[in-house]
Amino acid sequence: MKIGVLASQGAFAEHIATLHRLEVDTTPVRLTRHLTSLDGLIIPGGESTSISKLMLGYDLMDEIRNLAKNGLPILGTCAGMILLAKKIPDSDTEPIGVMGITARRNAFGRQKDSFETDLSIPVLGEKPFPGIFIRAPLIEQVNDGVEILARLADYTIVAARQEKLVAAAFHPELTDDMRFHRYFLDIVTGDR
Amino acid sequence: MEKTGTWKVKTGLAQMLKGGVIMDIINAEQAKIAQEAGACAVMALERVPSDIRAAGGVARMADLSIIEDIMKAVSIPVMAKCRIGHFVEAQALEATGVDYIDESEVLTPADESNHVWKHDFKVPFVCGCRNLGEALRRIDEGAAMIRTKGEAGTGNIVEAVRHIRAVMSSIQKLVNARQDELMALAKEMGAPMELVETIHQTGKLPVVNFAAGGVATPADAALMMQLGADGIFVGSGIFKSSNPEARAKAIVQATTHFQDPKIIAEVSKNLGEAMPGLDIKQIPTEELLATRGW
């Protein structure tokens, strides 16, 4: 199994480090040629406008969009979730736009509102997952066929899955808890 | 229970900026140009460093109404500078809601002995350094991100190279040292023992480290990345050049593709004039910015 991590901008090294700890072969993706023979792709946190523009620069946007439509499993965290969403209100950032969710950017406010909280994510078991939200987005709406994976105490949707696409508003790559990455790898192998 | 202002969310934002370019801007219009070019954040200032250098006198925190305008104009994080040791400017910036504070040698220091005790704040801080000891002192005071200082406003990369090389080679020295040598090394670099031990064990800084002070071209940015920086600050280099839009975009591309000489060559074409550069040796010692702070 080989998982690519989009390395245009953002916390890609943290995802690569987590995958290494899980003994998974990884490769950073900056150009379309890095997308060949991948079993899955992770789009990390970072600045979604910056990542989007860098993807447009070297045709990555179209290529990743096509791969997603053909069933490539993709995990998007924070900015990655925004880029997976079909709709991003009040933004002219071009997303990959393959997942039936509406993602609101900076939904909790500015950095002073960034927070940590224990999350209940039923598909990962009973133990709470450390949720790290940094200038985080939220999922405002989900289309049919999208499974909600996690909500905050006030029912705000913060993680979802649509077939082999997984989106999280928080940063599993900034924690030592590898269950979210394992969950994604199970989707890649078809075990989930 | 939601906890704000934790070390994890402070250092985490810097991790999200990695591989990106943070651009100095002085108004909302420039902020939009920076965002459009792909900047991962902007640094709001009243004047860019080369103009501060030319103007002389006392350089202070920017007018907060300008910073508010900039915060409204863009969706990327907005940073702003306070003077070294001026914790009340920092309080005012925190109250304004900026995403990161740069306790910066580019402004005139308010305190020649003490830096801001940054653990008191919920907003994260970035601080400059010339070597590893200085970086670790700032981190111990609560800096959640570090940048090498270079020499701001010169368009000359030589000091930035000196500082990033100093940091990276000292990290290697700590990694290779024996346990019984660490205390002497900590004493020599004036760094807290606990952080010296952390680096000895992990081989890297505990926070993100960007390069700053003199980046004027895409090749300059890629040079700093190849030397080990996590990302780039560009001060005067963009808006003092003849074509800011094109140059900003090219520096963003070169920072992402820093290991790809073909792309660096391609994006370096037709950018117009770079900012006018300054020879460090021609600058009177008392006008050097990097020696401010310790």
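A polar contact is a pair of N or O atoms within 3.5 Å. In this predicted model, such a contact stands at the start of helix α2 of chain B: a side-chain oxygen of N27(B) comes to within 3.2 Å of the backbone nitrogen of E29(B).

**Helix α2 of chain B**

The helix covers residues 28-37, and its buried residues are Q30(B), A31(B), I33(B), A34(B), Q35(B) and A37(B). An α-helix has 3.6 residues a turn, so residues three or four places apart point the same way. Within chain B, the buried residues of α2(B) pack against β2 (21-25), β3 (41-44), α4 (64-73), α11 (236-239) and α12 (244-256). Their packing also takes in an element of the other chain, α2 (48-57) of chain A. Just after α2(B), G38(B) has a positive phi of about 105°.

**The interface of chains A and B**

Between the two chains, 37 residues of chain A are in contact with 41 residues of chain B. The area buried there is about 3,100 Å², and carbon and sulfur atoms give 53% of this area. On the chain A side, the residues that lose the most area to chain B are R110(A), Q111(A) and E116(A), which together account for 21% of what that side buries.

The interface holds four salt bridges. R110(A) forms a salt bridge with D99(B), with the closest N and O atoms 2.7 Å apart. Four elements of chain A give two or more residues to the side that touches chain B: α1 (12-21), α2, β7 (115-119) and β8 (129-133). The largest share, five residues, comes from α2(A). By class, the residues of this side divide as follows.

| Class, side of chain A that touches chain B | Residues |
|---|---|
| Nonpolar | 12 residues |
| Polar | 13 residues |

**A sheet across the two chains**

Strand β7(A) is joined by two bridges to strand β1 (residues 3-4) of chain B, and the two strands run antiparallel. In this pairing, F115(A) stands opposite T4(B), and E116(A) stands opposite K3(B). E116(A) is also among the chain A residues that lose the most area to chain B.

With β8(A), these strands form an open sheet of three, in the order β8(A)-β7(A)-β1(B), with antiparallel pairing. β8(A) and β1(B) stand at the edges with a single partner strand each, so one side of each is left without a neighbour in the sheet.

Methods:
Residues are numbered from 1 along each chain as its sequence is written. Chains are lettered from A and ligands numbered from 1 in the order in which they are written. This is a predicted model: local features need pLDDT of at least 70, side-chain atom pairs count only at pLDDT 80 or more; totals for chains, interfaces and linings use all residues. Side-chain values use heavy atoms; hydrogens and water are left out. Buried means under 20% relative accessible area, exposed over 50%, partly exposed in between (1.4 Å probe, protein chains only). Contact means heavy atoms within 4.5 Å. A polar contact is a pair of N or O atoms within 3.5 Å; within protein, one must be able to donate a hydrogen and the other to accept it, and residues adjacent in sequence count only if both atoms are side-chain atoms. Buried area is the accessible area (1.4 Å probe) that two parts lose on being put together, summed over both. A salt bridge is a side-chain nitrogen of Lys or Arg within 4 Å of a carboxyl oxygen of Asp or Glu. Ala, Val, Leu, Ile, Met, Phe, Trp, Tyr, Cys and Pro count as nonpolar, Asp, Glu, Lys and Arg as charged, and the others, Gly among them, as polar. Two strands pair if DSSP finds at least two bridges between them.
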